[in-house]
Amino acid sequence: MSTCTPWCAASFVLSKTKKMKSKTNKILRWTPSIVVTLVIVAGAFMKLTTQPQLVEVFSNTGLLPYMKLLGVSELVFVSLFLWSRTLRIGLILLTGYFGGAMAIELSQHIFFIIPAAILAFVWGAALLRDNSLFSVTNKTQKTIAAL
């Protein structure tokens, strides 16, 4: 029969609490990324299946021949965004994609808030997953050219 001192019990509880906090923290950091991914993937599939309401919008803007290509691009960009190693390039590509969507909608006098909101959520999700994306440091990085 083993006995556990109060110190042993307290450290066990603290270790379990830390693991639980870490798991909860991970879930809270990834939830916005999953939600924004689902929204982007839904839009991509609507483009790939040529939904009538999107066909009308893309016809008016003159982008109907590119609709499926844009849907595939969304899937590629969001895949890069989800994978931690390519989060930065995925964020840059999604920013360019939705920035272009806002520009097209502004030029056609269409309500541009939807791509702006999606982009804001993408940036928020990226911030929660890796806040070093937005930190400014004065560290000099050694590159091959500098060596």
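**Exercise 1.** Are Glu-74 and Lys-47 buried or exposed?

*Solution.* Start with the source of the values: the model is predicted, local features need pLDDT of at least 70, side-chain atom pairs count only at pLDDT 80 or more, and totals for chains, interfaces and linings use all residues. Residues are numbered from 1 along each chain as its sequence is written, and side-chain values use heavy atoms, with hydrogens and water left out.

Next, the cut-offs: buried means under 20% relative accessible area, exposed over 50%, and partly exposed in between, with a 1.4 Å probe and protein chains only. By this rule Glu-74 is buried, and Lys-47 is buried too.

**Exercise 2.** State how the side chains of Glu-74 and Lys-47 meet, and which parts the pair ties together.

*Solution.* Step one is the contact. The two side chains form a salt bridge, 2.6 Å from N to O. The term requires a side-chain nitrogen of Lys or Arg within 4 Å of a carboxyl oxygen of Asp or Glu. A search of the whole structure finds one salt bridge.

Step two is the location. Glu-74 belongs to helix 3 and Lys-47 to helix 1, so the pair ties together parts that are 27 residues apart in sequence.

**Exercise 3.** Describe the order of elements in the protein, and the share of its residues that count as buried.

*Solution.* Helices (H or I, at least four residues) and strands (E, at least two) are DSSP runs, numbered from the N terminus. The protein has five helices and zero strands. From the N terminus on, the order is α-α-α-α-α. Of the 147 residues, 22% count as buried.

**Exercise 4.** Describe the largest pocket and its lining.

*Solution.* A pocket is found on a 1 Å grid over the protein atoms alone, as an open set of points where a 1.4 Å probe fits, with protein on both sides within 12 Å along at least five of seven lines; lining residues have an atom within 4 Å of a point. The largest pocket holds about 560 Å³ of space. Its lining has 23 residues, and those closest to its centre are Lys-47, Leu-54, Phe-58, Ala-101 and Glu-105.

Now sort the lining. It divides into 17 nonpolar, three polar and three charged residues. Here Ala, Val, Leu, Ile, Met, Phe, Trp, Tyr, Cys and Pro count as nonpolar, Asp, Glu, Lys and Arg as charged, and the others, Gly among them, as polar. Helix 1 (6-48), helix 2, helix 3 (67-82), helix 4 and helix 5 each supply at least two residues. Helix 4 gives the most, with six.

**Exercise 5.** Which residues other than glycine have a positive phi, Thr-50 and His-109 among them, and where do these two lie?

*Solution.* Begin with the general rule: most residues other than glycine have a negative phi. Thr-50 has a positive phi of about 45 degrees. Thr-50 lies in the loop between helix 1 and helix 2, and at 36% relative accessibility it counts as partly exposed.

His-109 has a positive phi of about 60 degrees. His-109 is in the loop between helix 4 and helix 5, and with a relative accessible area of 75% it is exposed.

Notes. Grid points are joined across faces, edges and corners, and a volume is the space filled by probe spheres set on the points.
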